[in-house]
Each structure stands twice: as C-alpha cells, then as structure tokens.
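Dear colleague,

I am passing on the structure we spoke about, followed by some notes on what turned up in it. Please read them alongside the coordinates.

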Amino acid sequence: MTVTEKVAYLKGFMDGLKFDENSDIGKILSSVTDILDDMAKSVEDLEEKVEDLNRYVEELDEDLGMVEEDLYCDDDDDDDDDYDDDDYDDDIECASVECPACGEEVFVDETMDFDNIKCPACGAEFSCSCGSDCESCGGCEN
C-alpha cells in the first residue's frame, strides 16, 4: 500500500466516524490529513523522479562502459595514446627489446630505424643489432 493510499484510507476512516470538522479536534485532524495528503503526493512525485533518474544513470553507465571499452580494451596497444586502427598493418612483425637505461620493454618493428630506437619511458636512445629478421629481440646486443 502506498503512502497516498494510506492517507486516502485515513480520510475515509475519518469520514466513517463522522468527525465534526467544525469542532477544535475535527479542525486539527482535518488539517493534519490535508497535510499528509500533500506530503504523500510530494513523495509520490519524488519517487517518480528518482525512477527516471535511475533509468538515466543506467543508460549513462552503459554508454560510459562502451566508451571505456573502446578506449581501454585495445589488446594490441595498451600503452600508445596515438593508436589508430587505420594505421595498423597486420603484416608487420613486431618484437620487443629491453631498454638498457631503464629496463622498460620497447616494441620495435621492421619499419623502425634499428640504429636509433628511442625508449618511450625514459627517452634514452639505443640501437638494436639484430635488425628486422629476428622473431624475439631478447638476444640483442643493445
């Protein structure tokens, strides 16, 4: 039973008891039930607005989830902020080398100049002697 229904029941109950609305107690009870009726309607309006807001927040959450998935769930490129799907070429082999200065893993591919590799983490420049033919640059002489 909603608050509005309870107030309506109370008003009906008072009408059934045949209160004299002109007496002091009747005036007070009548005023109290009118106030309760107004409050019940306000609560009902607030509940409807809360339901609307909850639906809206759920929609926003779903939209934000899709945006987060687009931004953060790139398996091929978690660290590169300038990643563009149109520029990605599946035929290019990629390997990794360890930066001799900071130990960070640096990804290299055949399109890079192996004599001038720049570490994105610390900015150090180093060279990879193996060239673009190796499958894993773990054995490079940095």
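Asp 34 counts as partly exposed because its relative accessibility is 39%, where buried means under 20% relative accessible area, exposed over 50% and partly exposed in between (1.4 Å probe, protein chains only). The side chain of Asp 34 meets that of Lys 11 in a salt bridge at 3.7 Å, N to O, a salt bridge being a side-chain nitrogen of Lys or Arg within 4 Å of a carboxyl oxygen of Asp or Glu. This pair links distant parts of the chain, with Lys 11 in helix H1 and Asp 34 in helix H2, 23 residues apart; helices (H or I, at least four residues) and strands (E, at least two) are DSSP runs, numbered from the N terminus.

Please bear in mind that this is a predicted model, in which local features need pLDDT of at least 70 and side-chain atom pairs count only at pLDDT 80 or more, while totals for chains, interfaces and linings use all residues. Residues are numbered from 1 along each chain as its sequence is written, and side-chain values use heavy atoms, with hydrogens and water left out.

Lys 11 also meets Asp 37 in a salt bridge, at 3.6 Å from N to O, and this pair again links distant parts of the chain, Asp 37 in helix H2 and Lys 11 in helix H1, 26 residues apart. Lys 11 is partly exposed because its relative accessibility is 28%, whereas Asp 37, at 14%, counts as buried. A search of the whole structure finds 4 salt bridges; one of them joins Asp 52 to Arg 55, with the closest N and O atoms 2.3 Å apart, and both of these residues lie in helix H2, 3 residues apart, about one turn of the helix. Salt bridges that share partners join Lys 11, Asp 34, Asp 37 and Lys 41 into one network.

Ser 30 is found in helix H2, which covers residues 24-72, and counts as buried because its relative accessibility is 18%. Leaving out residues up to four places away in sequence, Ser 30 touches Met 14 and Glu 21, contact meaning heavy atoms within 4.5 Å.

Elsewhere, the largest nonpolar core has 10 residues in all, among them Val 97, Val 106, Phe 114 and Cys 128; a nonpolar core is a set of buried Ala, Val, Leu, Ile, Met, Phe, Trp, Tyr and Cys residues joined through side-chain atoms within 4.5 Å. Strand S1 (94-98) and strand S2 (105-109) each supply at least two residues of this core.

With best wishes
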